[in-house]
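These notes record what I looked up in the structure shown below.

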Protein chains: 2
Amino acid sequence: MTAPVRVTKDESVFTMTVRDVADQSGVAESAVRFYERHGLVEAARTRGNQRRFAPDAPCRIKVARVAQRVGLTVREIGAVLSEVTPDSTPDVWARVGDRLVAEARERIRRLQETLDDLGSGQRLCEIDD
Amino acid sequence: MTAPVRVTKDESVFTMTVRDVADQSGVAESAVRFYERHGLVEAARTRGNQRRFAPDAPCRIKVARVAQRVGLTVREIGAVLSEVTPDSTPDVWARVGDRLVAEARERIRRLQETLDDLGSGQRLCEIDD
DNA sequence: GCTTGACCTCAACCAATGTTCAACTTCTAG
DNA sequence: CTAGAAGTTGAACATTGGTTGAGGTCAAGC
């Protein structure tokens with residue numbers, strides 16, 4: 001053993017620029033920075049203070065966008081994604097998926113409820129919140 | 001004919017105060033004023049500049065809230081409600097109901113689409129917007 | 001050495017949907 | 001008639017999810 005081995009983190013995986021992540025995830029650079037500030041993705045910094053993202057960043061952002069579609073706030077998405085690391089096993093991702101499915105079902109359920117109210121023959125202004 | 005007859009508008013139906021409307025529709029007074037500013041409800045003014053609403057105001061606001069639940073913006077709701085007057089026939093209200101039903105169905109459809117994507121076995125980060 | 005492009009931060013702005021506050025005015029009941 | 005409850009306005013604030021712009025830095029190529 002000649003050199004110290006860094007077990008915890010290989011900095012070299014942090015290679016993607018903001019531009020790269022924006023392109024590959026399909027959002028604006030400003031959004032990438034916004035998501036980083038809110039903890040959805042993590043970035044290392046170069047000596048010149050520039051962000052460098054790991055290759056999982058675009059994926060995380062894409063998942064975040066799906067999560068937004070089902071109605072999670074950025075804060076909630078941050079919490080969900082904080083459970084996932086680059087070395088997470090697939091079942092961790094599966095739980096994220098489950099969470100999104102549950103959320104989507106709930107939204108659908110509530111909308112369907114409203115829809116049922118609307119079709120109930122009840123007069124519109126008598127539908128309660 | 002001794003007195004001029006006002007055929008167009010009987011001001012005397014505008015009797016409800018902001019407080020009345022807020023109570024009967026279940027929203028805050030500030031919201032009632034907000035909705036008035038955005039044209040969801042109309043108010044006459046007393047000589048002292050206070051709002052007086054017609055009895056249909058709470059109903060309009062309740063419908064507006066249902067409309068919000070199905071995803072319409074205040075602007076859109078204003079447009080929808082502008083079709084309805086106190087003397088509208090029931091079928092005008094029915095069309096409002098239809099519009100809300102259509103909107104709710106559309107939202108449900110889109111959510112269901114996302115849900116299907118989530119269940120498709122596809123990896124999360126490969127779901128497109 | 002200089003220009004160019006990509007990046008940085010921080011602050012301001014946008015839209016939607018209200019709420020809250022201060023400073024007044026009006027209405028109503030006794 | 002007068003006190004107190006209730007109404008008025010406009011501006012500022014809050015929250016969510018970003019975008020835009022000014023002013024500054026950094027690295028590379030000519």
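**Protein surface near DNA strand C**

I began with the phosphate contacts and found that an N or O atom in the side chain of B:T46 lies 3.2 Å from a phosphate oxygen of DNA strand C. The model is predicted: local features need pLDDT of at least 70, side-chain atom pairs count only at pLDDT 80 or more, and totals for chains, interfaces and linings use all residues. Residues are numbered from 1 along each chain as its sequence is written, chains are lettered from A and ligands numbered from 1 in the order in which they are written, and side-chain values use heavy atoms, without hydrogens and water.

I noted two further phosphate oxygen distances: 2.4 Å to a side-chain N or O atom of B:Q68, and 2.8 Å to a polar side-chain atom of A:R33.

I then looked up the whole surface. DNA strand C is surrounded by 21 residues, each with a heavy atom within 4 Å of the strand. Among the closest are A:R51 and B:S30.

Finally, I examined A:R51, which lies in strand 2 (residues 51-53) of chain A. Is A:R51 buried or exposed? A:R51 counts as buried because its relative accessibility is 18%, the limits being under 20% for buried and over 50% for exposed, with partly exposed in between (1.4 Å probe, protein chains only).

Methods: Polar contact = N/O pair within 3.5 Å; in protein donor to acceptor, adjacent residues only side chain to side chain. Helix = DSSP H or I, 4+ residues; strand = E, 2+ residues; numbered from the N terminus.
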